[in-house]
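User: I'm new to this one. Could you walk me through it?

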Amino acid sequence: MLEELRHALPDAPVIFAADQAGLPYGTKTEAEVAARVCGLLGRMAERYRPRLICIACNTASTIALGMVRDVLEIPIVGTVPAIKPAAAQTKTGTIGLLGTEATIRQAYVDNLEREFAAGKVLIRHAAPGLVEPAEAKLRGQPVDQAEIKAAIAGLLAKPGAESIDTVVLACTHFPLLRSELAQVLGDHVSLIDGAKGIARRIVTLTQGQDFAAGHPDFAVTTGPLESFKALSPALAKLGINEIREF
């Protein structure tokens with residue numbers, strides 16, 4: 001997602017915030033996620049005074065987006081499953097949705113399906129087993145293709161799955177595994193995420209604003225700084241060369 005934002009707004013100052021201490025979100029209750037996200041973003045907004053916040057997590061967005069918008073008086077952009085473009089693209093009318101356990105059960109997703117995919121078939125599958133391989137790849141470690149197959153086997157085993165021609169990657173970890181997922185799903189299946197749309201939304205909300213150079217971009221983590229340093233090479237490719245503890 002940050003990569004798409006860099007393409008759209010190369011001069012925009014960025015603070016990359018990673019709630020490593022709060023992970024995983026996908027196995028938490030709605031109340032736990034809402035409390036964590038609202039409290040953390042409130043403290044970060046107070047400390048860093050951003051002009052806009054992007055919640056780069058489907059689970060956090062589908063649960064807490066409305067609450068955060070009620071609390072903070074700056075634009076908040078959420079990350080929600082890209083069901084609308086998937087419904088517009090599918091030829092067979094059957095769409096797969098890969099997300100966390102928390103994301104796929106949300107009423108927010110029900111509403112997206114009802115509004116944009118009426119008449120289509122949306123097959124949901126929780127794939128928490130993709131998170132660890134995605135984290136490994138981000139750190140430059142090898143990915144075990146057997147883990148990818150195991151994580152999405154449940155999707156392919158569901159009734160009607162043979163008709164899937166489009167899969168929504170409803171977790172911001174999953175696009176990191178695009179090539180590995182394509183190997184399992186085959187060339188006839190398109191993989192869709194919302195990164196480009198989110199970047200466009202941020203462009204719209206910041207139109208006309210000045211992006212004069214200030215402090216260098218940096219990343220913060222709520223977890224131990226030492227373990228976060230493994231992400232330094234990946235962040236450096238996106239122009240973030242400093243990491244800090246929140």
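**Sheet and helix**

Analyst: Let's start with β4 and β6, parallel strands joined by 5 bridges. Strands (E, at least two residues) and helices (H or I, at least four) are DSSP runs numbered from the N terminus. This is a predicted model, where local features need pLDDT of at least 70, side-chain atom pairs count only at pLDDT 80 or more, and totals for chains, interfaces and linings use all residues. Residues are numbered from 1 along each chain as its sequence is written, and side-chain values use heavy atoms, leaving out hydrogens and water.

User: What order do the strands of the open sheet have?

Analyst: Strands pair if DSSP finds at least two bridges between them. There are 4 strands here, with parallel pairing, in the order β5-β4-β6-β7.

User: Why is one side of β5 and of β7 left without a neighbour in the sheet?

Analyst: β5 covers 121-126. One side of β5 and of β7 is left without a neighbour because both stand at the edges, each with a single partner strand.

User: Which residues in helix α9 are buried?

Analyst: Buried means under 20% relative accessible area (1.4 Å probe, protein chains only). Helix α9 spans residues 178-185, and its buried ones are E180, L181 and L185.

User: Why do the buried residues of α9 line one face of the helix?

Analyst: Look down the axis of α9 and take the directions from that axis to the C-beta atoms, which define the arc. The buried residues line one face because they fall within an arc of 125°.

User: Which residue follows α9?

Analyst: Its phi is positive, near 100°. The residue is G186.

Key. Buried < 20%, exposed > 50% of the residue type's maximum accessible area, 1.4 Å probe, protein only.
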